[in-house]
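Reader: I would like to know what the terms used for this structure rest on. Please answer by setting each value against its definition.

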Amino acid sequence: MDFNKRALLIIDYTNDFVADKGALTTGLPGQQIEGHIIELANQFLSAGDYVILPTDLHDGVDPYHPETKLFPPHNLKDTWGRELYGKLQSWYREHRDNDHVYFFDKNRYSAFANTNLDNYLRSRKITDLHLTGVCTDICVLHTAVDAYNHDYQLTIHKNAVASFDQTGHKWALNHFKTTLGATIMP
Ligand code: ZN
């Protein structure tokens, strides 16, 4: 019997996107999902599944990067803003050597754009992706669209995603379900 292999994706859960003083913070909604993200990460590791942390990285302010016109500088290399937020930082330090934990840099909204994520998942026969992190309607959304286009099964954990835009957050949750065929977990 073949069981589907699963990976939990924790997207962009850094100080800049979550902490009060973050450059592009989701604020309280982002901070409120911290405990549930850690709970899920522990569940996935104990079940023998994978925990993947795709994390936005900007190397200085690049005039050619499309985000430069849209957002203030954020997740700059070697800064506090780019460190994982709160308990996730210590969780990652504790588990970073586990070969089922994979942290990687990304430079676009989607965790699939310009990265080896698809190869990483396929080589390990991972077919089910569980998405958490921020922002629901930006990086989580673009990652979900690419996952759909690459034929992955999607689950979105409603209490483990957040945005600074509540209208966008609600719209994206509906879109995951009705258009990307995702299971929404309460
Ligand atoms: Zn960025």
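Author: Helices, of at least four residues, and strands, of at least two, are DSSP runs numbered from the N terminus. On that basis lysine 21 has its place in the loop between helix H1 (15-18) and helix H2 (28-31). The model is a predicted one.

Reader: Why is lysine 21 called exposed?

Author: Exposed means over 50% relative accessible area. Lysine 21 has 75%, so the residue is exposed.

Reader: Which residues coordinate the zinc ion?

Author: The zinc ion is coordinated by Asp56 (OD), His58 (NE2), Glu67 (OE) and His74 (NE2), at 2.0 to 2.2 Å. A donor must lie within 2.8 Å of the metal. Along the chain, the spacing of these donors is D-x1-H-x8-E-x6-H.

Reader: What makes the site of the zinc ion irregular?

Author: Four donors count as tetrahedral if all angles lie between 85 and 135 degrees. The angles among the four donor atoms here run from 91 to 169°, and the site of the zinc ion is irregular.

Reader: How do you know whether glutamate 67 is buried or exposed?

Author: Buried means under 20% relative accessible area. Glutamate 67 is at 6% and therefore counts as buried. Histidine 74, at 4%, is buried because of its value too.

Reader: Which residues touch the most other members of the largest nonpolar core?

Author: They are Leu121, Leu129 and Phe176, in a core of 56 residues. Helix H3 (residues 34-46) gives the most to this core, with six residues. In soluble globular proteins, nonpolar side chains tend to be buried together. Leaving aside neighbours within four places in sequence, leucine 129 is in contact with residues including Ala7, Leu9, Phe112, Leu121 and Tyr152.

Reader: How do you know that the span of H3 agrees with its number of residues?

Author: At 1.5 Å a residue, the 13 residues of H3 should span 18 Å. The end C-alpha atoms of H3 are 19 Å apart, which agrees.

Reader: Which residues of H3 are buried, and why are they said to be on the same side?

Author: Glu34, Ile37, Ile38, Leu40, Ala41, Phe44 and Leu45 are buried in H3. They cover an arc of only 165° around the axis, so they lie on the same side of H3. An α-helix has 3.6 residues a turn, so residues three or four places apart point the same way. After H3 comes glycine 48, with a positive phi near 85°.

Reader: What kind of peptide bond runs from valine 134 to cysteine 135?

Author: That bond is cis, with omega near -15°. Cysteine 135 lies in the loop between strand E4 (126-134) and helix H6 (139-149).

Reader: What do the buried residues of H6 pack against?

Author: They pack against strand E1 (5-11), strand E3 (101-106), E4, E5 and helix H7 (166-178). Among the buried residues of H6 are Cys139, Val140 and Leu141.

Key. Residues numbered from 1 in each chain as written. Predicted model: local features only at pLDDT ≥ 70, side-chain atom pairs only at ≥ 80, totals over all residues. Heavy atoms only, no water. Donors = N, O, S within 2.8 Å, 3.2 Å for Na, K, Ca; no water. Tetrahedral: all angles 85-135°; square planar, octahedral: opposite > 155°, others 65-115°. Buried < 20%, exposed > 50% of the residue type's maximum accessible area, 1.4 Å probe, protein only. Core = buried A, V, L, I, M, F, W, Y, C linked by side-chain atoms within 4.5 Å. Contact = heavy atoms within 4.5 Å. Expected span 1.5 Å × (residues − 1). Arc of directions from axis to C-beta.
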